[in-house]
Amino acid sequence: MSRSALPRRWRRLPAATAAGVALLLLAGPATAGTAAPADREADAPAVLERSADEQADVVEVTVDGTAQLDALVATGVDLDHHVTPTEAGIVVHAVVTPTEVAALKRMGYRVGAVLHDADDSARRISEREATIAAHRAENRAYTATLERSAATSDVKIIRADYYTSGTNQVLSVEAKWAQGQTSTSTLTVARDSGPGTEIGSGGTQSITRFVDAGVYLYHRGAAAVTARPQRIQITSPTGDVAVAEVKEWLPIPADSPEGTGYQKDFVTSYLTPTELYDRIKRLADAYPQLAEVVKLPYQTNGYRRKAQVVLGGTAATRVAVDSLAWGHEGGNDITVELADPGAADRPLAVTVTGKAVRVSLATDAAGAVTSTAAQVAAALTAEAGTLLRAYTYRGDAGAGVVAPVASTPLTDNLKAPAGVSRDPHPVYAIRIGKYRDGSRTGVLAYAQEHAREWVPPLVTIETAERLLRNHATDENTKQLLRTLDIWIVPSINPDGGHYSFYDYASQRRNMTNHCAPGGATDALARNSWGVDNNRNYTEYSLFDGYSGASPSCTSDTYAGPGELSEPENRNVDWLAQRPNIKFSMNLHSSGNYFMWSPGAYATPGRISAPRPTLAEESFFWGASSRILTAIKRHRNMAVTPARTGPISDVLYSAAGNSGDMLWYRYGIYAWNFEVGTSFQPTWEEAHQETMEFSNGLVELLRVARDYDKDRKRPTSTLAVAPSPTEGTVSVRFDVSEPAAVFYTLDGSKPTFGSTLYASAGIREGAETLTVPVGTRVQWFSVDAAGNIERNYRPDDDGSRTFNRGWATLPTG
Ligand SMILES: [Zn+2]
């Protein structure tokens, strides 16, 4: 109400009655009940009294001058600081009740407009409440959208990760869309450009379906951005909306776990398996108190081959010859000649002179050669069977007439220098730790299951060097060696490794030829043999019906004739049997992946090996972020979120891989590195990759140490939120660290047999339970190191320190 709106009529003072005034007087009888205020006696002021059950309003009162104002003040009236001289007099604001107003009027004061009444106050209060509610609603709108989208939207954002890699800024998004199996639509992600900015102001990006083995997993995609977004929003093709906060992936903390003077950078070139083993022997010799070399129980088949040759051109005329002796044990000295006798009507004849084998071919009446490949092969095996075996080419009938061939040596085709042993090869590990008696938490790192992967072995050597050479001066390293029992195998597959270095760079497998007679056993198939050592293990293997390994002896993913058929694999199995080993790293290249189980699924249907529990998965993710942060420290290379996770989620199925055996059969937290960008990069790049992944491997050791030292009990809380379903609420458990939660909803005491709180789905994090309002929830948590919340003993009837809660919404 504005002053100009004051009704003029209030300027006239109405007459007051004595009776009216008397009601209001505190001190004595009214002295001048009928007098105008200005006339009243100063020594007997009229005093206003307020009744407690009345509201006071702000009312304008106009007095003629300061004398009347003083008289007004003397009544005890509640004036605010508003005193405005006007033409009509001095206007003041009095805070008075209706009774007081009446009294003032009776005293002759000119009481004007009500400026502010109790209703106004009530309105202010409701305005205030509305404003607060609006703020709350604003603040909650995002959460509500989150909850609503989580509960009802057909699109769910699984991850939104911002990260830097090199000098790039990237936003990586993964989301699951309910129609993803049947619709090929991409999803559009709108992003803001930082805190407080509009969705969309940072641009948009498309994410596409990730479908594997015919099964839709989720949408994913990464895009370069120019600012770190805070939130993203996806509107699905059906109009449903999902929003999510963007998290920073692998931020690099300022403090480094490497103290000043920490030494690194110990490798200066690629190393062959022979050199790798020599290196760990020298290291162990230099640090006898801290390390030893262990010869693993199973020797390989050896870097050796039979001497072979294939004579002839077309399949029907070819004769394949293999020595009985290994090439280096005499096979390479054998020669074979197919000679035209140069005369008519000669029989097929074989002569053996020392190791020179001469076949005189049969001729017809015209002197033309008539011997077929099958006849020559049979004659060779019959007549020179102490030296060799001959056969037609890959099961061919061998009906073609052979052509004469000059004396040709058989050869094992192996080019490694003599310093590379041709004998069955021991596989060596270096065992590092102050206490190598099995009493410490064990960690296993092993490389070069795949022969052509030349960088991973260097990562293990660099790591062994760092541990031993920093032990004397770096407290952190000293602690690792005091706490852990570290097994490092730089090359699991030395035969294949040597073959890759000296003969066939692309060799992936070991060197053992399992092809059956009549198959690809001849010299021309020599680069197609071998067992894929990362497909020959026992869990979820080809032999169990899982996908991603081959039964073909010439396939690069050949699983071998049976589980653990290969000595290389039996060695890993032997290592994994060490009961103290709790963590492992299987180092491969390439692709900059970081993965764990499950590593295999069966098709059709993409039936995965069992997924880790939510707690296990959280532990994998938690440790992963540490390990990947350590890797990133070297040159800001980020292993991407899309390449971090279970093998079968981010890469492909690999039946019978070693990580799965270690995880499922032995309960080891088993990780897999895919180091770098190629199998045999330039040395400069190989060196960088070695440094960064050694950072990661050392960090795995720190994870193991922290696990070993972990005596801290987890804590957990129950979070209850509204549910879209009437009469129910949504319930989640929040834990202080990666921990399993076992719960009951029927009032019974929770035990290890109770329901295990699970993840919502692939890469989705914790599930949300929908339970009837008022459900009694009882639970406890246990961390990866086995510490149980509140010292509760689930197996002890007397122990009652589990958590209790009710599935009810917080009030207010
Ligand atoms: Zn590999």
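Here are some questions and answers about a predicted model.

Q: What makes the link between Cys515 and Cys553 a disulfide?
A: The two sulfurs sit 2.0 Å apart. A pair of cysteine sulfurs counts as a disulfide when they are within 2.5 Å, so Cys515 and Cys553 qualify. The structure holds one disulfide. With 105° about the S-S bond, the link is right-handed.

Q: Where in the chain do Cys515 and Cys553 lie?
A: Both Cys515 and Cys553 are in the loop between α9 (494–502) and α10 (567–576). They are 38 residues apart, and the pair links distant parts of the chain.

Q: Why is Cys515 called buried?
A: Its relative accessible area is 9%, and buried means under 20%. Cys515 falls under that mark, so it is buried. Cys553 has 18% relative accessibility, so by that cut-off it counts as buried too.

Q: Which atoms coordinate the zinc ion?
A: The donors are ND1 of His450, two OE atoms of Glu453 and ND1 of His588, at 2.0 to 2.6 Å. The cut-off for a donor here is within 2.8 Å of the metal, so these atoms count as donors.

Q: Why is the site of the zinc ion called irregular?
A: The angles among its four donor atoms run from 55 to 139°.

Q: What ties together parts of the chain that are 135 residues apart in sequence?
A: In sequence, the zinc donor residues are spaced H-x2-E-x134-H. Glu453 lies in the loop between β22 (441–447) and α7 (455–469), while His588 is in strand β24 (residues 581–589), so this pair does the tying. Both Glu453 and His588 are buried.

Q: Is Arg282 buried or exposed, and how do you know?
A: Arg282 has 53% relative accessibility. Exposed means over 50%, so Arg282 counts as exposed. Arg282 is in helix α5 (residues 273–286). Its C-alpha is separated by 44 Å from that of Gly354, 72 residues apart along the chain.

Q: Why is Thr351 called partly exposed?
A: Thr351 has a relative accessible area of 42%. Buried is under 20% and exposed is over 50%, with partly exposed in between, so 42% makes Thr351 partly exposed. Thr351 is in strand β17 (residues 349–353). Thr351 and Leu380 are 29 residues apart in sequence and 9.2 Å apart in space, C-alpha to C-alpha.

Q: What makes Gly214 exposed?
A: At 53% relative accessibility, Gly214 is over the 50% mark, so it counts as exposed. Gly214 is found in the loop between β8 (203–212) and β9 (215–224).

Q: How exposed is Arg790, and what is its phi?
A: Phi of Arg790 is near 55°, a positive value in a residue other than glycine. Its relative accessible area of 45% lies between 20% and 50%, so Arg790 is partly exposed. Arg790 is in the loop between β35 (776–783) and β36 (803–806).

Q: Which residues line the second largest cavity, and how do they divide by class?
A: Among them are Pro257, Tyr262, Asp474, Asn476 and Arg702. By class, the lining has five nonpolar, two polar and two charged residues. The largest share of the lining, three residues, comes from α8.

Definitions and conventions
Residues numbered from 1 in each chain as written. Predicted model: local features only at pLDDT ≥ 70, side-chain atom pairs only at ≥ 80, totals over all residues. Heavy atoms only, no water. Helix = DSSP H or I, 4+ residues; strand = E, 2+ residues; numbered from the N terminus. Buried < 20%, exposed > 50% of the residue type's maximum accessible area, 1.4 Å probe, protein only. 1 Å grid on protein atoms, 1.4 Å probe; cavity = no way out; pocket = protein on both sides within 12 Å on 5 of 7 lines; lining within 4 Å. Nonpolar A, V, L, I, M, F, W, Y, C, P; charged D, E, K, R; others polar. Donors = N, O, S within 2.8 Å, 3.2 Å for Na, K, Ca; no water. Tetrahedral: all angles 85-135°; square planar, octahedral: opposite > 155°, others 65-115°.
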